[in-house]
Amino acid sequence: MSEPIIKVENLWYQYPESNFWALRGINLEIRRGELIALIGQNGGGKSTLAKNLNGLYKPTKGRVLVEGMDTKEVPTQEIVKRVGYVFQNPSHQIFESKVYDEVAYGPKNFGLSEDEIAERVEWALSLVGLQGYEDVHPYDLDYGKMKLLTVASVLAMKPDVLVLDEPTTGQDHRGRWILADLSKKLNREGFTIVTITHDMRYVAEVAKRTILIANGQIVMDGPTRKVLTALDILHKAAIKPPQVVQLAHALREKGIDAGDPLTVREALEEFKRLFKK
Amino acid sequence: MSEPIIKVERLAYSYPRKELVLYDINFEVNKGEVLGIIGPNGAGKSTLCKALNGLVPHFYGGKYGGRVVVAGMEVLEHTVAELSTKVGIVFQDPEEQMSGLALTVWEEVAFGLMMLGFPKEEIVRRVDEAIKQVGLEGFEKRSPFELSGGQQQRLAIATVLAVKPDVLVLDEPTAQLDPIGKFEVFSVIKRLAAEGSTIVVVEHEIEELATFADNILLLDQGRVKAYGPARDVLTQVEKLKSLGVDPPSVTELTYLLNKELGANLEVPITLDEAIKIYAEALGVS
Amino acid sequence: MSAGISLLKRTAVEANTIFQRLDGRVKFLYFIWATVLVYIFYDPYLTLAFLIVTLAMAAYAKVFKPIAMTLLIIIVPWIILGVLILALPFGFPWNKTVIGYINVLGYRLPVYLEGLGWGITWPLRISVAISSALFFYLTTNQAKLVATLFKMKVPFKAIYMIIATFQFIPLLFDEANTIIQAQISRGLKTDVGVLQRIKNYLAVVIPLTISALNKVQTRAITLESRGFSAPVKKTFLYEARLTAADWAFLGIMAAVTVFLAWVYVTIGYSPVAHLQWIWA
Ligand SMILES: Nc1ncnc2c1ncn2[C@@H]1O[C@H](COP(=O)(O)OP(=O)(O)OP(=O)(O)O)[C@@H](O)[C@H]1O
Ligand SMILES: Nc1ncnc2c1ncn2[C@@H]1O[C@H](COP(=O)(O)OP(=O)(O)OP(=O)(O)O)[C@@H](O)[C@H]1O
Ligand SMILES: [Mg+2]
Ligand SMILES: [Mg+2]
């Protein structure tokens with residue numbers, strides 16, 4: 001069950017008419033069922049990579065293979081069926097004047113029947129907690145709900161891989177946990193999920209594998225715990241790990257071993273152990 | 001020395017033909033202070049920001065009650081144009097910050113300074129300084145629309161930093177910034193406050209806010225749910241959690257430890273405090 | 001992200017020819033001047049001359065392509081339609097001089113000189129107006145232009161209206177581009193025929209226009225908040241003085257005006273008169 005669903009081979013990308021490489025030789029394999037976080041400094045190339053994965057951008061050099069199909073050779077609509085991308089800025093994604101139509105747009109393109117479309121819309125909206133908003137104008141939603149709507153409208157296409165570009169920005173903490181639970185739930189149901197984020201607390205809670213990108217290259221790629229505790233490398237890539245990781249690190253320097261907790265829950269267990277002594 | 005630069009009294013507001021989105025808001029911010037505003041989505045944070053520079057009610061219309069005084073100007077009696085000489089605002093969506101009249105990042109930052117009539121040499125100096133403060137050196141000649149999301153947000157911040165207005169209103173300014181970028185921007189904001197600017201900042205990034213804000217105002221569904229010194233607000237873990245707001249990790253961790261172990265640790269709100277408290281409690285100094 | 005804006009803007013930044021350096025006001029004057037003159041004269045040859053000169057300047061300033069594209073899309077269909085309607089016997093009163101016959105579906109139709117003159121002149125005139133306006137727009141740095149307008153003490157509201165007019169088109173392009181990207185990423189078919197493409201496009205025209213209008217309004221809010229109409233004396237980093245090149249350009253326009261005035265007085269301005277004059 002772990003054949004690569006996406007394979008990126010030596011991908012270089014340059015924006016049209018620009019004179020620098022936004023991506024410089026990315027090699028990457030994503031397997032079915034993975035739950036990945038993509039982190040790294042501003043301008044590192046995360047969004048650019050994401051748009052190369054769903055065929056919106058085509059590699060300047062190198063290849064991207066989605067289920068064996070070269071994104072340069074297959075029509076984009078075949079790729080987006082398999083890899084769904086949720087934009088960083090919701091106003092770059094929303095174009096319909098009703099929540100329902102926005103979510104229905106993708107399924108409609110697949111030529112589904114009205115009933116099937118309605119079913120998918122309902123399913124997607126309820127997953128993100130937006131049932132009841134069907135007739136609302138998307139721009140009348142607050143920023144947090146607007147982002148949830150963009151997630152729902154990609155979900156409705158039921159892609160194998162879901163790429164979320166900073167889904168937690170502008171999200172309150174409740175929304176953040178809705179997204180975290182949703183990601184885990186969808187992942188259990190077989191979706192492959194790639195989340196781009198600057199929120200290390202979120203990464204720690206959600207991702208199994210973390211990829212660190214800087215200056216258009218992959219700097220580190222491995223289990224989340226390993227990446228988030230590599231403080232030196234993280235710092236060079238403008239990342240601060242979660243607060244509890246920093247706390248444990250600082251205490252270790254003072255001779256207290258509080259383990260390698262990533263989340264508040266894990267830290268709580270470690271400190272309970274320490275204080276009970 | 002405390003003279004209130006911002007004074008909000010019994011402010012209530014609704015957008016045209018809508019329900020009230022702000023009810024009976026009261027607070028003051030003294031010169032050189034940082035006020036952090038937190039709260040869930042739809043609480044009215046952005047609306048409150050717009051009430052400080054007069055966009056609410058002058059641009060949006062609607063029903064308005066109470067009084068807002070900013071830098072000696074009663075908002076109702078002054079135009080947005082007049083207020084713009086004293087109040088700088090960074091909008092939530094960085095794309096909204098762009099004037100559309102600048103071909104390059106450099107010109108975009110210079111725009112506000114030109115409009116406010118700063119001398120030429122001063123403009124050049126301040127633009128270069130602001131660009132450096134937000135880490136956009138090397139991007140001066142780039143179009144404001146050919147940046148990554150975070151770079152564009154950095155630019156949006158720079159356009160206001162350069163002006164160093166008496167009052168700075170920032171609406172989730174670091175949402176798309178990488179962690180070090182967040183830290184750097186907050187440091188610059190703190191420095192501006194030390195130089196005498198008065199600052200209001202909306203943030204979901206509570207762990208950073210805890211180290212920089214003097215006071216915090218917790219807003220929920222248009223009402224003030226808590227308001228006071230940062231420590232007092234952020235240590236009300238139960239209340240924050242019930243409104244869906246996460247306190248800083250170290251605050252939550254300590255609160256849970258105290259609760260589950262019956263320990264009696266002092267509750268920290270920043271990492272540095274936490275390190276000190278834990279080191280002492282675990283017998284190292 | 002914003003191909004529209006960059007497409008139109010970059011041309012203004014990247015090239016730096018004498019025409020980019022000309023003062024915005026001079027180029028604006030050129031646009032008004034050329035449009036008025038071709039309107040007064042109504043002569044296909046003179047109009048064509050103006051068009052060629054404008055396009056030549058555009059080519060030199062490296063903005064030929066967008067102008068040519070616009071003309072192609074707007075003007076060419078008009079010429080065809082206009083010539084057909086005006087030159088053939090649809091009962092227009094001015095059609096007097098038959099210059100030949102064509103066969104359409106077995107009918108032998110007369111072609112009138114007057115109608116032909118009108119059919120060609122009208123679209124050409126509009127071409128001159130459009131191309132000189134675009135020439136002004138594409139070679140003028142907006143920030144500089146705004147600075148100039150401020151210096152001329154044009155009221156804030158009027159300046160804002162000018163800006164809004166000029167930004168609407170790029171914002172529209174930009175929105176169109178954004179929406180199409182969004183739709184492609186949600187399964188819009190891209191390997192389809194022209195007809196389907198046009199249909200897809202028409203389907204978004206209305207939301208597109210609304211959202212571009214919204215953006216114009218958001219811009220107004222932004223400008224206001226950033227001190228655009230703050231009651232203070234503005235600073236400008238650009239010199240708004242006319243240079244020797246500006247004066248030379250104005251001089252040429254003045255000379256041409258005098259010459260054309262002489263032509264106007266001695267020959268008159270009816271296109272028909274001209275055509276006959278040339279024909280004979
Ligand atoms: N439309 C564009 N045209 C030209 N260059 C661009 C464009 N968008 C982004 N870039 C550049 O490409 C590089 C990578 O940008 P990208 O948006 O992929 O970064 P990112 O990792 O997503 O950053 P962020 O965290 O700020 O969203 C940056 O240097 C950026 O300035
Ligand atoms: N221009 C507007 N017209 C009508 N209603 C609006 C407008 N802007 C905001 N609202 C409504 O006012 C309420 C408060 O919105 P506001 O944007 O101030 O919330 P917020 O706290 O900033 O939320 P977020 O965290 O999502 O940014 C919301 O219910 C929103 O739908
Ligand atoms: Mg990005
Ligand atoms: Mg807001």
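## The shell around ligand 1

Two helices stand out here: α1 (46–53) of chain A and α6 of chain B each supply at least two residues of the shell around ligand 1. Helices here are DSSP runs of H or I with at least four residues, strands are E runs of at least two, and both are numbered from the N terminus. This is a predicted model, so to speak: local features need pLDDT of at least 70, side-chain atom pairs count only at pLDDT 80 or more, and totals for chains, interfaces and linings use all residues. Residues are numbered from 1 along each chain as its sequence is written, chains are lettered from A and ligands numbered from 1 in the order in which they are written, and side-chain values use heavy atoms, with hydrogens and water left out.

The shell has 22 residues, and those that come nearest are Lys46(A), Thr48(A), Ser148(B), Gly150(B) and Gln151(B). A residue counts as near a molecule or strand if one of its heavy atoms lies within 4 Å of it. The site is shared between chains because residues from chains A, B and C surround ligand 1. By class, the shell splits into 5 nonpolar, 13 polar and 4 charged residues. For these classes, Ala, Val, Leu, Ile, Met, Phe, Trp, Tyr, Cys and Pro are nonpolar, Asp, Glu, Lys and Arg are charged, and the others, Gly among them, are polar.

## What touches ligand 1

Tyr15(A) puts a polar side-chain atom 3.5 Å from a nitrogen atom of the ligand. From chain B, an N or O atom in the side chain of Gln151(B) sits 2.6 Å from an oxygen atom of ligand 1. On its own, ligand 1 has 640 Å² of accessible area, and the protein covers 94% of that. Accessible areas come from the Shrake-Rupley method with a 1.4 Å probe; for residues, only the protein chains shown count as cover.

## Ligand 2, between A and B

Ligand 2 lies between chains A and B. It has 19 residues around it, the closest being Gly42(B), Gly44(B), Lys45(B), Ser46(B) and Thr47(B). The shell divides into 6 nonpolar, 8 polar and 5 charged residues.

On the chain B side, a polar backbone atom of Gly44(B) is 2.9 Å from an oxygen atom of ligand 2, and a polar side-chain atom of Gln92(B) lies 3.0 Å from an oxygen atom of the ligand. Chain A brings a polar backbone atom of Tyr143(A), 3.5 Å from an oxygen atom of ligand 2. Taken alone, ligand 2 exposes 640 Å², of which the protein buries 76%. The elements that give two or more residues to this shell are α5 (143–155) of chain A and α1 (45–52) of chain B. The largest share, 3 residues, comes from α1(B).

## Where B meets A

Contact (heavy atoms within 4.5 Å) takes in 51 residues of chain B and 45 of chain A. The buried area is about 4,100 Å², with carbon and sulfur atoms giving 60%. Asn41(B), Leu253(B) and Leu282(B) supply 14% of what chain B buries against chain A, more than any other three residues. Buried area is the accessible area (1.4 Å probe) that two parts lose on being put together, summed over both.

There are 5 salt bridges between chain B and chain A; a salt bridge is a side-chain nitrogen of Lys or Arg within 4 Å of a carboxyl oxygen of Asp or Glu. Lys272(A) pairs with Glu260(B), with the closest N and O atoms 2.5 Å apart. On the side of chain B that touches chain A, α11(B) gives the largest share, 8 residues.

## Where C meets A

This contact takes 16 residues from chain C and 20 from chain A, and buries about 1,700 Å², of which carbon and sulfur atoms give 52%. The count is 1 salt bridge: Glu102(A) with Arg186(C), closest N and O atoms 3.1 Å apart. The largest share of the chain C side, 6 residues, comes from helix α8 (residues 156–184) of chain C.

Technical notes:
A polar contact is a pair of N or O atoms within 3.5 Å; within protein, one must be able to donate a hydrogen and the other to accept it, and residues adjacent in sequence count only if both atoms are side-chain atoms.
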